[in-house]
Amino acid sequence: MTKVSEPAPLGEPLSVFGPREGFSPQIGIFVSQLNWMRHKVLSRLKNLSQEDLDWLPDERSNSIGTLLLHLAASDVYYGLNTFDGLPWARYPEEVVNRWEPAMKLGDLGRNWIRGNDLSFYLSALTETREHTLSEFRRRDDEWFMAVDLKWGWGPTNNFCKWFHVCEHESHHIGQIDLLIKQLPSRNVVPNQDVREDSIVAGKASRTALGVAIRRASHQVHDSSPLVLNDPIAVPILGEVYRAALEAAAESIGEESSIAMRALLVARNRLAEDKLAEAVSRGVKQYVLLGAGLDTFAHRNPHQNLRVFEVDHPATQQWKRNLVASSGLREPSTLRYVPVDFERQQVSVQLEESGLDLSAPTIFAWLGVVIYLTRPAFRSTLAFIASFRNGSGVVFDYALPRHALPSAELYARDELASRVESIGEPFRLFFTPSEIRQELSAFQLIEDFDAPMLNERYFSNRSDGFSLRGRSANIVCAWR
Ligand SMILES: C[S@@+](CC[C@H](N)C(=O)[O-])C[C@H]1O[C@@H](n2cnc3c(N)ncnc32)[C@H](O)[C@@H]1O
């Protein structure tokens, strides 16, 4: 690894900005940034079909395809101005005919740019960028810094014009990401009958799908020993989400993806380990609150353990449809209990489903608390605390923004805006001392932060798979 104090040698990897062979010093540094940004654009595009590239969320939007061609067009337009010295947009007819719809976007783009597959856009991006780079190679830093006094922004040098091309790619990456998240092909909910009172009206929990895809990715991509051995994690996704699972593979090695996957598998593993200890002490009831696509009930190794899956009605119906369409059977030891924590008393529904309220019980409440209001959290916790000694709950909570190290704020904000955009906003955060206060009715509290979980489940690994940062803790609280 390059030490911080050493200058980056020429031809360094993508993330080491610096001079590049064949370019003047300043241009080379800029090219390293341009390359990085283009890599970010291209990393979004795998597995996009022609339909995806043409898709418009509404009649005033631009498609992903149009935005990609817009990036290519920007190289052409800035090139003709800065390399060829032509006044802005006073370009030959053949240039205007080919590139104006992409450059202008709007109706012109919507009408003209569609019906192309990904290779069409990739060739346009490559062709135009190669031309840009070949022109950069022929120029020096003096040209790069030369100022155009007549430019519309005021005196502007070539550096600034091309910086704008680079910055503009970053801007459009945001738009492309948003479009990709909304693509109908990535948001298939296989049940047409989901109830209208769901988390997002008419839809099951999308965060539950995201978690399930990560658990499945762990089975497929992480090396042995697995932290969570879950042979049902892939089958439960069925054919319907096979493409989504494949798409997730593309970011499998990214830091944020590793960190999230590690947290999610550690969360299930800890709950299941604590359950096993409780079962050995005689516990016979396990309640998964906000079960999502958790597969424990299908893998239940404990004879005589009854499992209750509580979830929002729409999510639960979606899961049951998925279980059926994936060819899995609903286990006979499992009871489904549809409950909206915000509107219903979980106690009533669970009792009606046959839960013995006087018997010691283990609750897992994984990945749910952050989505609840404080009253819903407190009333559910009070219900759990009403169970007799030997009962317990495992749940995760997230630290508030002000308690996070600054290096983690960006990742938190990005995640928060992602879940908000799919209708499941983060709502509830706690510091460790606040969570202790909330748990005052419990006798024993074990609060696992990332280093403790790493020590417990990820030490002795050579693949670097582990939790990062401090953003979430997992608590086990015992009556
Ligand atoms: C991030 S998912 C976690 C799912 C599952 N525990 C897992 O780890 O795979 C959040 C879950 O909380 C459930 N949930 C969120 N708000 C809820 C509410 N008000 N009532 C019932 N369930 C809710 C969702 O339906 C979803 O299953």
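A polar contact is taken here as a pair of N or O atoms within 3.5 Å; within protein, one atom must be able to donate a hydrogen and the other to accept it, and residues adjacent in sequence count only if both atoms are side-chain atoms. The model is predicted, so to speak of local features pLDDT of at least 70 is needed, side-chain atom pairs count only at pLDDT 80 or more, and totals for chains, interfaces and linings use all residues. Residues are numbered from 1 along each chain as its sequence is written, and side-chain values use heavy atoms, with hydrogens and water left out.

On the nitrogen side, an N or O atom in the side chain of Asp-340 lies 3.0 Å from a nitrogen atom of the ligand. The protein buries 96% of the 590 Å² that the ligand exposes when taken alone (accessible areas by the Shrake-Rupley method with a 1.4 Å probe; for residues, only the protein chains shown count as cover).

The shell around the ligand holds 22 residues, the closest being Arg-215, Gly-290, Asp-311, Thr-315 and Leu-366 (a residue is near if one of its heavy atoms lies within 4 Å). Helix α9 (residues 206-221) supplies the largest share of this shell, four residues; helices (H or I, at least four residues) and strands (E, at least two) are DSSP runs numbered from the N terminus. By residue class, the shell has ten nonpolar, seven polar and five charged members (Ala, Val, Leu, Ile, Met, Phe, Trp, Tyr, Cys and Pro are nonpolar, Asp, Glu, Lys and Arg charged, and the others, Gly among them, polar).

Aromatic rings are the next topic. Rings of Phe, Tyr and Trp (its six-membered ring) pair if their centres lie within 6.5 Å, with planes under 30 degrees apart counted as stacked, over 60 as edge-to-face and the rest as tilted. The count comes to 35 aromatic pairs. Phe-30 and Phe-136 are edge-to-face because their planes stand at 85 degrees, with ring centres 6.1 Å apart. This pair links distant parts of the chain, Phe-30 in helix α1 (residues 25-43) and Phe-136 in helix α6 (residues 118-137), 106 residues apart. Phe-30 is buried at a relative accessible area of 1%, and Phe-136 is buried at 0% (buried means under 20%, exposed over 50%, partly exposed in between; 1.4 Å probe, protein chains only).
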